[in-house]
Amino acid sequence: MSYKKFRESDAPYYDTIEGKMSRTDVIKKLESFLTEKLGEGQDFFDQYKVREV
C-alpha cells in the first residue's frame, strides 16, 4: 500500500507483516521507522511547525 493510499483510507485496521494493526499503531510504526532512518532531530512536524487549527 502506498502512503498516499493509506492517507486516503478510512479503514480502522490494517493487515501488516506483524498482523492486524490499528491505524494509530501503523502511524506509530511509521514514526518509529522515520526516526530510525532519519535520526532524532529530524522531526517533520517540529521542523514545519505543524499544529492543529
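Student: Where is the place of Gly39?
Tutor: This is a predicted model. In it, Gly39 belongs to the loop between H2 and helix H3 (44-47).

Student: And is Gly39 buried, exposed or partly exposed?
Tutor: Gly39 is partly exposed, at 28% relative accessibility.

Student: Turning to charges, how many salt bridges does the count come to?
Tutor: The count comes to one salt bridge. Its partners are Glu18 and Lys29, whose closest N and O atoms are 3.2 Å apart.

Student: Which parts does that pair tie together?
Tutor: Glu18 lies in the loop between strand S1 (13-16) and strand S2 (19-22), and Lys29 lies in helix H2 (residues 23-38), so the pair links parts that are eleven residues apart in sequence.

Student: Are those two buried or exposed?
Tutor: Glu18 counts as exposed because its relative accessibility is 54%, and exposed means over 50%. Lys29 has a relative accessible area of 41% and is partly exposed.

Student: What about aromatic pairs; how many are there?
Tutor: The count is one aromatic pair. Phe6 and Tyr14 form it in a tilted arrangement, 5.0 Å centre to centre with 50 degrees between the planes. Both Phe6 and Tyr14 are buried.

Student: Which charged end sits over the ring of Phe6?
Tutor: That of Arg23, at 4.3 Å from the ring centre.

How values were computed:
Residues are numbered from 1 along each chain as its sequence is written. This is a predicted model: local features need pLDDT of at least 70, side-chain atom pairs count only at pLDDT 80 or more; totals for chains, interfaces and linings use all residues. Side-chain values use heavy atoms; hydrogens and water are left out. A salt bridge is a side-chain nitrogen of Lys or Arg within 4 Å of a carboxyl oxygen of Asp or Glu. Helices (H or I, at least four residues) and strands (E, at least two) are DSSP runs, numbered from the N terminus. Buried means under 20% relative accessible area, exposed over 50%, partly exposed in between (1.4 Å probe, protein chains only). Rings of Phe, Tyr and Trp (its six-membered ring) pair if their centres lie within 6.5 Å; planes under 30 degrees apart count as stacked, over 60 as edge-to-face and the rest as tilted. A charge sits over a ring if NZ of Lys or CZ of Arg is within 6 Å of the ring centre and within 35 degrees of the ring normal.
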